Amino acid sequence: MLIVMKQLATADQIAAVVAAIESRGCTARPIPGGERVSIGVLNNKGPVDVSFFSGLPGVKDAIPVTRPYKLVGREFKPEDTVVDVGGVPIGNGHLTLIAGPCAIESEQQALTIARLVRKAGAGIFRGGAFKPRTSPYSFQGLGEEGLKILTRVREETGMPVVTEVIDEESFDLVEAHADMIQIGTRNMQNFSLLRRAGKAKKPVMLKRGMSATIDEWLMAAEYILEGGNAQVVLCERGVRTFVRHSRNTLDLSAVPYVRNESHLPVIVDPSHAVGRRDLVIPMSRAAIAGNAHGLMVEVHHEPEKALSDGAQSLYPKQFEILCEQIRAIFHTVTAGA
Ligand code: PEP
Ligand code: MN
């Protein structure tokens, strides 16, 4: 339940509501807003008595939260969250472009691509050091060496970096090197990893599970917020369907839907959604037209030699064109907002 205080509610009235919530064995989470304070009621075991709370002095409204998620929901926090990734904002009015190779392969490869994508307009560099691969025989990433290369990319180019964490064992190491920690589709419901991410001091990008419903995805984000980390970016990356023309099916309607439901920023990864280079630019345009706050795109200067996902990686020149086109689309979308 969410208790919305009156604009002129006093500090004593707010404290009395908090005490009343706690006396019922629940947790009170006050959220200061621009005009008024709201108080989230958490950890209630069953239905909470709405009429009791709406009758307390200073209370404007007591709203039962019917959604399974609370902290990630708009009812809990109406204003958009802006996530700060090493000085680069994601969310509310910003268009954020994340680009780079699927995997970090060498320092020279990472730096070459980073310079090219930065010049084209990317604000954040991506690259996997720990790769969750379907086959144990495929390239698994450079591990810690890959993380050190990412640190050099940041130093050389000034771009913050995002990279995936695949287990709790390597979490501390990834957290130390990354500006944003990625939780991939295969780990979206790895609850112990989500709990660890809730304790992280860095923002987390949570990709949608490949067969996850929106509620499951938001509940996964809820684990992270509930653990204490409110800096979460959601990333739609396609879901598995019966089609064969693309790797997954990009669920674009998820973007405006989730933006209505949640205050968290939502970006789109068209690369893993389609799995083939020729569909990446059209889907990127569609994602921004559909209100995404940004994109994460795989780019490689020599995709034919890439150790993973070469077939879906854009050539740097294509990424440049993509950036120009989506800037124009973003401008049109936000001008009408
Ligand atoms: C990735 O972004 O490197 C990745 C593995 O993506 P996903 O988890 O969406 O498959
Ligand atoms: Mn990839």
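**Close-up views of a predicted model**

View 1. Helices (H or I, at least four residues) and strands (E, at least two) are DSSP runs, numbered from the N terminus. Histidine 272 is buried, with 8% relative accessible area. Buried means under 20% relative accessible area, exposed over 50%, and partly exposed in between (1.4 Å probe, protein chains only).

The model is predicted: local features need pLDDT of at least 70, side-chain atom pairs count only at pLDDT 80 or more, and totals for chains, interfaces and linings use all residues. Residues are numbered from 1 along each chain as its sequence is written, chains are lettered from A and ligands numbered from 1 in the order in which they are written, and side-chain values use heavy atoms, with hydrogens and water left out.

**View 2. The surroundings of ligand 1.** Residues around ligand 1 include Arg126, Glu164, Gly184, Thr185, Arg186, Lys207 and Met296. A residue counts as near a molecule or strand if one of its heavy atoms lies within 4 Å of it. Arginine 237 places a polar side-chain atom 2.6 Å from an oxygen atom of ligand 1. For lysine 131, the distance from a polar side-chain atom to a ligand 1 oxygen is 2.9 Å. Glutamine 182 also has a polar side-chain atom 2.9 Å from an oxygen atom of ligand 1.

**View 3. The salt bridge of arginine 208 and aspartate 251.** The closest N and O atoms of this salt bridge are 2.8 Å apart. Arginine 208 lies in the loop between strand E11 (204-207) and helix H7 (214-226), and aspartate 251 in the loop between strand E12 (232-236) and helix H8 (254-261), so the pair ties together parts 43 residues apart in sequence. Arginine 208 is buried, at 5% relative accessible area. A salt bridge is a side-chain nitrogen of Lys or Arg within 4 Å of a carboxyl oxygen of Asp or Glu. The count by this rule is 18 salt bridges.

**View 4. Further salt bridges.** Arginine 247 pairs with aspartate 309 in a salt bridge (3.2 Å, N to O). Arginine 247 is in the loop between E12 and H8, and aspartate 309 in the loop between strand E14 (294-298) and helix H11 (316-335), 62 residues apart. Arginine 247 is partly exposed, at 38% relative accessible area. Arginine 276 and aspartate 278 form another salt bridge (2.7 Å, N to O). Both residues are partly exposed: arginine 276 at 35% relative accessibility, aspartate 278 at 48%.

**View 5. Valine 18 in helix H1.** Valine 18 lies in helix H1 (residues 11-23). Valine 18 is buried, at 18% relative accessible area. Leaving out residues up to four places away in sequence, valine 18 touches Ala28, Pro30 and Ile39; contact means heavy atoms within 4.5 Å.

Note on methods
A polar contact is a pair of N or O atoms within 3.5 Å; within protein, one must be able to donate a hydrogen and the other to accept it, and residues adjacent in sequence count only if both atoms are side-chain atoms.
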